[in-house]
Amino acid sequence: DCGNHQNHKTGFPRNQVVGEQVPLLAEVLALKNQYPDLAIEWNVEIKYADILGLHPREVVVEKVLAAIEEYGELDKTTIFSFDVEVLRRVKKLMPRQRINFLYEAKSLLVPLEQWLDVDIRIPDWRHCRQIVDELGAEVFSPYYRFIELFPGWKRYFPVGKRDCELYVWTVNSPRSWRRLLGQVDAIITDEPTKLREWLKHS
């Protein structure tokens, strides 16, 4: 997600642009052959935004699953997506495939948000629970600020009694890591090295 962003405004001041090309999924999966002793698990996010309709969802999903299956990694892979239709298609083709429903509440006050420069989205935890149940999703991943600000999630995804894992994205500050520790099953971050070091001393 960093791309060519280098300045402080983007949030990635330490990122260095080295001219690296974005690899194909198959090229990334092939890297496992270089590290045969590592127990690698894959998180593959399918971002669907083909406004021209040139690549239907089903085609995108089929190609992604075929690439992962070719390398024998389906049982070590979790498919992520914000797009419920994408996840439905995954489960239709591969009922036992592990999926992660990414969630970002939509605001009805977008112009006001932009004018005030604030985030005023409100999550619908009941609706999220319904989608997770319908999909049979093994993982649910809301935006981390929803977990911090709207405690109603505990009613539908109670700590210690969940039937799916709860991940949060994208958390880059120690203050939020501290708040979330023990509440969620995993933290998605742009700062994995920094988080790993923080956990050693927490």
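Reply: Two strands pair if DSSP finds at least two bridges between them. Helices (H or I, at least four residues) and strands (E, at least two) are DSSP runs, numbered from the N terminus. This is a predicted model: local features need pLDDT of at least 70, side-chain atom pairs count only at pLDDT 80 or more, and totals for chains, interfaces and linings use all residues. Residues are numbered from 1 along each chain as its sequence is written, and side-chain values use heavy atoms, without hydrogens and water.

Me: In which sense do strands E4 and E5 pair?
Reply: E4 covers residues 139-142 and E5 covers residues 165-168. Val139 has Glu165 in E5 as its bridge partner. Over two bridges, the sense of E4 and E5 is parallel.

Me: Which residue of E6 stands opposite Val168?
Reply: E6 spans residues 186-187 and pairs with E5 over two bridges, in the parallel sense. Opposite Val168 stands Ile187.

Me: Is Arg129 buried or exposed?
Reply: Arg129 sits in helix H5, residues 125-135. Buried means under 20% relative accessible area, exposed over 50%, partly exposed in between (1.4 Å probe, protein chains only). At 13% relative accessible area, Arg129 is buried.

Me: Which side chain makes a polar contact with the side chain of Arg129?
Reply: A polar contact is a pair of N or O atoms within 3.5 Å; within protein, one must be able to donate a hydrogen and the other to accept it, and residues adjacent in sequence count only if both atoms are side-chain atoms. A polar atom of the Arg129 side chain also lies 3.0 Å from the backbone oxygen of Tyr156. The side-chain partner, at 3.1 Å, is Asp163.
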